[in-house]
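Dear colleague,

Please find below the structure for your review. The findings follow directly after it.

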Amino acid sequence: MFDIGFLCCCFSIIGSALTASPPPSNRVLVQSKLQPFVNSLALPPTQAQFLSNKLVQDSNLGAFLSGKDYQSQGCWRSPTCVVLPESAQDVSKALKNIRFFGSKFAVRSGGHSPNPGFSSIDNPGILIDLQKLNQVQISQDKKVASLGPGGRWGDVLAALDPHGVSVIGGRIPQVGVAGVILGGGLFHFSGEYGLAADNVKNFEIVLSDGTLKNANADSNPDLYWALKGGGANFGIVTRFDLYTIPVRDIWFQVAIYTPDKIPAILAAFAEWQDKGASDVKSTVALIIAPEAATVGLIYSAPADKPEAFDPFYSIPPATVAVPANNGTVLSLTNILGTTFSNAPQRHDYRGSSSKVDLQLYEEVYTFWREQAMAVHEATGANMTFTLQPIPVNLVDQGITKGGNPLGLPRINHQWWTTLVDWNNAEDDEKVRAVPIATSEKWKELGEQRGSYIPFLFMNDGSRDQSPLSMYGAENVARLKSVSRKYDPSQTFQKLQGNGFLLSKV
């Protein structure tokens, strides 16, 4: 039987443990927690100092020790070793060894998924952490941005801001690059430009045999299509070349409403979906908690009270968190970053989809709110009820840009999701029962009203859901064919620890 410890020793030549340093404010705390561990190893002084310096500079470890790692506590695992590649060639070496020895593995980009085992793995198992592949490069004509899979979207948008462009990517700055794109990627301006995956010009990918390939419209076009929402089923992407969009200066405002205004907010949202969304520069971020609703109105150009949002202007808010202003994509991103807690907690997502249907929105919201308040009272869990608008132009953009495997209907619709946070593992079943029941309610009432859409956005999928199975039988068959062609050993189906895998469909 192969000793996985030996493989981990071999990996030491693949990539050093140097990573982006944690902020200076965290470094002293991290050092104080690491030093007793280093001392316990009884290493010679020179080696001990070398190891200590390496560990202090590890951004993921620093975030974990300082309590600022977003990754759900339900995902915390102890792999046998962690590989931190510095190049595509390092990834290739890692996959060759993993495949040869038949070792279980997981891949982490930002680690934002709350699904256990999707970007983490226990012993025996190897974690390939892509945090060092975090480059952001822009072409001379500023039309293409090349991104490493381990970058964070906040850093990406900060790097592009001086160039006056953006990309379609992640809305929250702490989220990693790769997971967003491979799951589809919904951004503020997707109604105008399509999903993040639709805006990829080229994927640089390492296959299971260590081969480095490019997938684009001209080279390996079947793999290119599959990667645009097909998840982590085909290889490890080491670079995303995204088309930039000529959007930097935008208009936005954020207002908070009391629960008694939520019926009016839902009505305004449905009206905007039917009418205002035809202005593809407009989008609405609607996040409802049991005791308040947050409405963000966003317009992808400088403006003065855009007419597209007329249904919302007459509803008086409890407070205006961010007054109407002409800002930038980066300033909006930074504001959004402050709204999500980095406190160590347990997290979950869940998703469902429907046509534009105000009565359905109201009925499911009423059901959810009663359940959410009861569970909050019993466990302290917080959860949201979020409607994400999907205008028909988003679907058309995907078709125009070469197609993707999602199988979306060409109608205005919405993707519901929830973000759930709680503290105690013993409450897992009780807390998760609410989003599970709510997704079932979407299906039950939606089918009764002819409004249910059998689609699940992968980026919002929970551990027990199956987004790939909802892409349609023809697309699933095509994805499996691509998987067998580019991964004939089925390494990513058999050895990858968990995830939304084609082998489960």
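What is the volume of the largest cavity? In this predicted model, the largest cavity has a volume of about 40 Å³.

Largest cavity

The lining of the largest cavity consists of L157, L160, D161, V165, S166, R248, V329 and L330. Two elements give two or more residues to this lining, namely α6 (153–160) and α12 (329–337). By residue class, the lining of the largest cavity comprises five nonpolar residues, one polar residue and two charged residues.

Second largest cavity

Around the second largest cavity lie W272, Q273, A277, P389, I390, P391, N412 and H413. Here the elements that give two or more residues to the lining are α10 (262–274) and β15 (385–390). The lining of the second largest cavity divides into five nonpolar and three polar residues, with no charged residue.

Residue H347

A separate point concerns H347, which is placed in strand β13 (residues 346–355). Is H347 buried or exposed? H347 counts as buried because its relative accessibility is 2%, and the cut-off for buried is under 20%. The side chain of H347 is joined to the side chain of D421 by a polar contact of 2.5 Å.

Yours sincerely

How values were computed. Residues numbered from 1 in each chain as written. Predicted model: local features only at pLDDT ≥ 70, side-chain atom pairs only at ≥ 80, totals over all residues. Heavy atoms only, no water. 1 Å grid on protein atoms, 1.4 Å probe; cavity = no way out; pocket = protein on both sides within 12 Å on 5 of 7 lines; lining within 4 Å. Points joined across faces, edges and corners; volume = space filled by probe spheres on them. Helix = DSSP H or I, 4+ residues; strand = E, 2+ residues; numbered from the N terminus. Nonpolar A, V, L, I, M, F, W, Y, C, P; charged D, E, K, R; others polar. Buried < 20%, exposed > 50% of the residue type's maximum accessible area, 1.4 Å probe, protein only. Polar contact = N/O pair within 3.5 Å; in protein donor to acceptor, adjacent residues only side chain to side chain.
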